[in-house]
Amino acid sequence: ITSGLPQSYTPDEYDYVHSYLTMIKRGDMNPRWWHHPSVQPYVNVGTYLVVYFLQAGTGRWPNIHAIQVEDMLFWGRFGAGVIPGTLAVLFAFFLARRVFSTRVGLVAASLLAVAPGVVEVSQYNKPDSLLVLFSTISVLVTILYLDRGGHPLALGAGVAVGFSAAVKYNSAILLLPLAAALLFRLGWHVLSRKDAYLAAGGTVLGFLIGCPYFYADLARFLEHVGAGIHSYGYAGLEGASGTNNWLNHANYTIHYGAGGLFFLLGLGGLGVALYRIDRRLCVFLTYPVLYYSFYSSQKINFAGNLMPVYPFLAILSALALVEVAGRIANATVARPRLRALAPAMLVVMLGATLWFPTTMTLRRNRLVTLPDTGSAAALWIESRYPEGTHFAAERQTPVLDRNRYQLTEESVLVRRSLEDYREAGVEYLIVSSTVYERFGGNTQRARSYKRLFNLCPLEKEFAPEPGRLFGPTIRILKVPSEA
């Protein structure tokens, strides 16, 4: 999670951290931004406050207003990425043990711990890692209620589901396994039983715990949620839309997110679970199957949105592995010479399944801990340009010394005209391929950058080099004279 620091190459991360620090500095806990709900902001705010008070006595910051975005990029990734991503492995074990067995739980945890897709989102300051954790917890508590019943578990299951929806709205699908558990537990008299109303009230309570300001900011909340539904379900997003997302998600999982054998074993485990279907398995399967179906029907394709399915994919893959191992063991009972082969075959199968995700994750980790283009560009700028030089820089570009240089910051530089920058006294522009290539080469943004590159002479370009330098391509452009 130190990758690229003090630069941030994760889309939207810099803006997130800036917004959460603003909440602290203003003492206003209303995020005023509802395209995502507010659990991730509050996790960040809590993490930053802990870090601030632990380090206040060291003299690092004279007051809370002195904290800069670059100070908290690491800690945001730690609080919203690493901690929930690690805990998700533990709760996937608990869920697999509850539904199947300890052996399935151990194998599932080992698979999830190295799945490249989940490891990657657990290194980001985004809500996806939190949702992987809380969707797993929600299904676990729902199945506990199904098995044991009782008012406390009914309320707890509702709170878990509501809180998950406050992590990300699309997890509202968790209401369906909760409804199934209530029907299985209470029968057709569900509406006359207290458990149903405790669960329903719990969902409202859980959402309010995670999003306490949504009603106070209701107009903006409705506007942002509606815009998200419109974009995902109808309009799409230029450069990030997909019309065959069923296939796109499968391809991503096979070729990067988990691996082909991992994926096929998951399908095999799904077949076993459907063959043995009972009320517990029905509740367990409802969320991942419907979530995958719902998200595949949407117009926007972001891999991170698929990650809540991965704990369930790991559990189903583990189920298939354990089933195959059990059958091999049973087949060799009457053959003493072959009996010793059963454990060895299980080790071989598990090793083969773990090989691709483990090597892919290690390869990516090695890549993102190489020296990066932004740091190389910052060193070059400091060695070349005198104090007082005025730069305009966008996100995912070098972090420059504000005491040495004048700095105009924009999230996307082409949102302002070249004339505006010239009139403001800007001498050089610093742009990043993470911004100008984010959604492909045929978008309006890409065309605007192409015009900018045609107008501004290139001073220096820092491009990634395999095995030596990672990060986006950084370009330093000279603002031309008016003539």
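Tutor: Let's begin with Tyr 52, which counts as buried because its relative accessibility is 11%. Here buried means under 20% relative accessible area, exposed means over 50%, and partly exposed lies in between (1.4 Å probe, protein chains only). Please keep in mind that this is a predicted model, where local features need pLDDT of at least 70 and side-chain atom pairs count only at pLDDT 80 or more, while totals for chains, interfaces and linings use all residues. Residues are numbered from 1 along each chain as its sequence is written, and side-chain values use heavy atoms, leaving out hydrogens and water.

Now to the rings. The structure has 32 aromatic pairs; rings of Phe, Tyr and Trp (its six-membered ring) pair if their centres lie within 6.5 Å, and planes under 30 degrees apart are stacked, over 60 edge-to-face, and the rest tilted. One of these pairs is formed by Tyr 16 and Trp 33, edge-to-face, with 6.2 Å from centre to centre and 65 degrees between the planes. Tyr 16 belongs to helix α1 (residues 13-26) and Trp 33 to the loop between α1 and α2 (39-55), so their pairing ties together parts 17 residues apart in sequence. Helices (H or I, at least four residues) and strands (E, at least two) are DSSP runs, numbered from the N terminus. Tyr 16 is buried, at 9% relative accessibility, whereas Trp 33 is partly exposed, at 37%. Tyr 52 also has a partner: with Trp 61 it makes a tilted pair, 6.1 Å centre to centre and 35 degrees between the planes. Trp 61 counts as buried, at 5% relative accessibility.

How do the two helices meet? The axes of α1 and α2 come within 9 Å and cross at roughly 65 degrees; axes are lines fitted to C-alpha atoms, for helices over the stretch in contact, and angles run from 0 to 180 degrees between N-to-C directions. That is why α1 and α2 are roughly perpendicular to each other, a label for 65 to 115 degrees, with under 35 being roughly parallel, over 145 roughly antiparallel and the rest oblique. Among the residues making the contact are Tyr 16, Val 17, Tyr 20 and Leu 21 of α1, and Gln 40, Pro 41, Tyr 42 and Tyr 48 of α2. Contact means heavy atoms within 4.5 Å.

Val 69 lies in helix α3 (residues 69-99) and is buried, with a relative accessible area of 8%. Not counting residues up to four places away in sequence, Val 69 touches Tyr 14, Val 17, His 18 and Leu 21.

Finally, look at the backbone on either side of α1. Most residues other than glycine have a negative phi, and most peptide bonds are trans. In the segment before α1 you will find Pro 6, joined to Leu 5 by a cis peptide bond with omega of about 10 degrees. In the loop between α1 and α2 sits Arg 32, a residue other than glycine whose phi is positive, near 60 degrees. Arg 32 counts as partly exposed, at 40% relative accessibility.
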